[in-house]
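Please look over the sequence and the model before reading on.

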Amino acid sequence: MKTTEYLMIRPLEAMESKTEYSFNEGVPGYGTFVILYKGMPIGGFKLLPYSNGDVYFHDYEIVEDLRGNGVGTDVFPSILHFLYEKGYKNIRLQVSSSNPAALAIYKRFNFSVLESVELDS
C-alpha cells in the first residue's frame, strides 16, 4: 500500500454517510476521523484534545478485511503527521496488553509506557 499517494484523513462529519459512532462534544478537534484509501474507508480513530496541547488518541482500527496485513502499521505514520500538523504536542493513548498488534505498532513508533494498570478479571 502506498499510503502517501492515496491516503486521506477526514472528520466523520465531512463524510456523506455517517455511522452510529459519530460524536461531537463541542470541543475543537474532538471527534471521529475516517481513514480513506483511494476514496474508500479503511479505518478510523477518535481524538479528544486537552487544553495543554496534548491529545487522547483512541479507538484506532482498520476494517476487519485488511487486518493482519500491516495496513495499521503502514497508515500510522500518516496519522502521526496529521496530528503533528494539527499542533498536538503529545499523544496519549491506552492499549490492552491482550492486543499485541496494537502494542507492536506503538512500540515501533517509539511510544513509551507511562503507566501500567492491572485489571481484575
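In what order do the elements of the protein run from the N terminus on? The order is α-β-β-β-β-α-β-α, with three helices and five strands in the protein; helices (H or I, at least four residues) and strands (E, at least two) are DSSP runs, numbered from the N terminus. This is a predicted model, in which local features need pLDDT of at least 70 and side-chain atom pairs count only at pLDDT 80 or more, while totals for chains, interfaces and linings use all residues. Residues are numbered from 1 along each chain as its sequence is written, and side-chain values use heavy atoms, with hydrogens and water left out.

Of the 121 residues in the protein, 34% are buried (under 20% relative accessible area, 1.4 Å probe, protein chains only).

Eleven aromatic pairs are found in the whole structure. Rings of Phe, Tyr and Trp (its six-membered ring) pair if their centres lie within 6.5 Å; planes under 30 degrees apart count as stacked, over 60 as edge-to-face and the rest as tilted. Two of these pairs are tabulated.

| Pair | Centre to centre | Angle between planes | Class |
|---|---|---|---|
| F45 and F82 | 6.1 Å | 70° | edge-to-face |
| F57 and Y60 | 5.6 Å | 50° | tilted |

F45 lies in strand β3 (residues 40-49) and F82 in helix α2 (residues 71-85), so their pair ties together parts 37 residues apart in sequence. F45 is buried, at a relative accessible area of 1%, and F82 is buried at 11%. F57 and Y60 are buried as well.

Note on methods:
Buried means under 20% relative accessible area, exposed over 50%, partly exposed in between (1.4 Å probe, protein chains only).
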